[in-house]
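Hi everyone, thanks for coming. Today I'd like to walk you through a structure that may be new to you, so please have a look at it first.

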Amino acid sequence: MKTKEFSLAAETPMITELLGKSKEELRAFCVALGEPAFRGAQIYHALYAERKFDVAQITNLPLALRERLSKGARVALPEVKQRFTSADGSVRYLFGLGDAEKVKTFDAEGTEKSGKEKTGSQKPASVEAVFMPSEGRQTICISTQAGCAVDCHFCLTAQLGLIRNLTVGEILAQVLLPLEEAHRGTRIEMKDGGLPAGPGQVPPAATKQIEEKDGGLKAAATKSGLAPQTNIVLMGQGEPLLNFEPVMAAVRIMLDPEGMGISPKHVTLSTSGIVAGIERLAQEKVRPKLAISLNASNDEQRDALMPINKKYPLAVLMKACKEYPLRTWEHLTFEYVMLGGINDAAEDARRVVRLLAPLKSVKLNLIPWNPGELPYRESSAERIEEFRRILVDRGVPTFVRYSRGRDVMAACGQLALLQIGSSPLSVVSPQ
């Protein structure tokens, strides 16, 4: 089949975004340029396994192709607008996202798809991710939407509403950038106060130092400065199952051994209980682990805390969970935010036991509520322990998960684009 030549002339206003493209899309892109398809696989590996964000660094590409790509393609990284470092070592990233550029798409033969041109309709937004290093591993909590439309009443992110969905590249960048910074071991220091020269760009001098120090960039799993295990949790801003296709495209790249190479055991998608999305996820051949935000022990309580329950009540949600096809090593995780005087009574714990009893393999994470300007308060340590004991005594594996980064508003439910000043966090008392 004759393929359509794709012009990368300097004057062409159409710029091809590389970040976020799958291996098949990059292969088709290279075929459209008249290059062998394997060049696309090389670009794919360089982007996601080696984290090379400048085509000039992809030295296994011919020089002529690198020069051509530098004129008509790009790797657009978010701007790191600010970093907030917690006393526990966690880092909350505030990323600035620009407009989506015009994109051309190609079929498997490298032919441009007619009528599929997307224009820059995505509006600028900000979004957050949290990098949490610990012994033997690093965990990155990433966002899938700017803001959120689900409106869980105890979550600060809900106060933003939904600003927009994130693209595949914007989701992946929240993993790639923190990993690359951790690999370097130091932040890029520039005269403007710590930000790179351009949005998301790595200064050539810094890149040169990395290559001289490490003898070239290595695969993600073996890069110096990183612990052996990387965990990804899709539970920052947004509801992942309401941005399904970009989220799953990003997850496939994360889980691909030739991409980021992260094990499915170490990637978790958290949902508020979008049953249609859970059923759709169950059909995916490549998928992350699933975690479900329960946060209540009956419909009346959950309706008040999570309005999504009115569309997908507990009976419907639990049926979808019972039918969800677990892999041999897998269990369903349920998350339960402990709200003092609201959902933390002993009777709540007993009702949760009854809800989860029909399911095959489950575990429950109890998450003490993290402070914010909302009319809730934390459960006491005694009440949390009593709740946990009731569940464990009845055969439900239950763990208390204290969130990291609370002092910089990086904990669960706190991602609301807040700037941290010197004043302490304020909590509104229940009415």
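Predicted model: local features only at pLDDT ≥ 70, side-chain atom pairs only at ≥ 80, totals over all residues.

Helix α1 covers residues 23-32, and helix α2 covers residues 38-48. They pack at an angle of about 135 degrees, and their axes are 7 Å apart.

Who touches whom here? On the α1 side, the contact is made by Lys23, Leu26, Arg27 and Cys30. On the α2 side, the residues are Phe38, Arg39, Gly40, Ala41, Ile43, Tyr44 and Leu47. Sorted by class, that contact of α1 with α2 has seven nonpolar residues, one polar and three charged.

Please stay with Tyr44 for a moment. Tyr44 and Tyr48 are both in helix α2, four residues apart, which is about one turn of the helix. The model has four aromatic pairs in the count. Tyr44 and Tyr48 form an edge-to-face pair, at 5.1 Å centre to centre and with 75 degrees between the planes.

Helix α6, residues 244-255, and helix α7, residues 275-282, have axes that come within 12 Å and cross at roughly 35 degrees. The crossing of α6 and α7 is right-handed. Phe244, Glu245 and Met248 of α6 meet Gly277, Arg280 and Leu281 of α7. In that contact of α6 with α7, three residues are nonpolar, one is polar and two are charged.

Further on come α10, residues 346-356, and α11, residues 381-393. Their axes come within 9 Å and cross at roughly 30 degrees. Angles under 35 degrees count as roughly parallel, so α10 is roughly parallel to α11. The crossing of α10 and α11 is right-handed. From α10, the contact uses Ala346, Asp348, Ala349, Arg350, Val352 and Val353, and from α11 it uses Glu386, Phe387, Ile390 and Leu391. Between α10 and α11, the contact residues divide into seven nonpolar and three charged, with no polar ones.

Enough helices; what about the strands? How many strands form the open sheet? There are 10, in the order β3-β4-β5-β6-β9-β10-β11-β12-β13-β14, and the pairing is mixed. At the edges you will find β3 (79-85) and β14 (398-400), each of which pairs on one side only. From one strand to the next, the twist averages 20 degrees.

Strand β5, residues 125-134, and strand β6, residues 137-142, run antiparallel and are joined by five bridges.

Methods
Residues numbered from 1 in each chain as written. Heavy atoms only, no water. Axes fitted to C-alpha atoms, helices over the stretch in contact; angles between N-to-C directions. Helix = DSSP H or I, 4+ residues; strand = E, 2+ residues; numbered from the N terminus. Parallel < 35°, antiparallel > 145°, perpendicular 65-115°, else oblique. Left-handed = near helix turned anticlockwise from the far one by under 90°. Contact = heavy atoms within 4.5 Å. Nonpolar A, V, L, I, M, F, W, Y, C, P; charged D, E, K, R; others polar. Pairing = 2+ DSSP bridges. Phe/Tyr/Trp six-rings, centres within 6.5 Å; stacked < 30°, edge-to-face > 60°.
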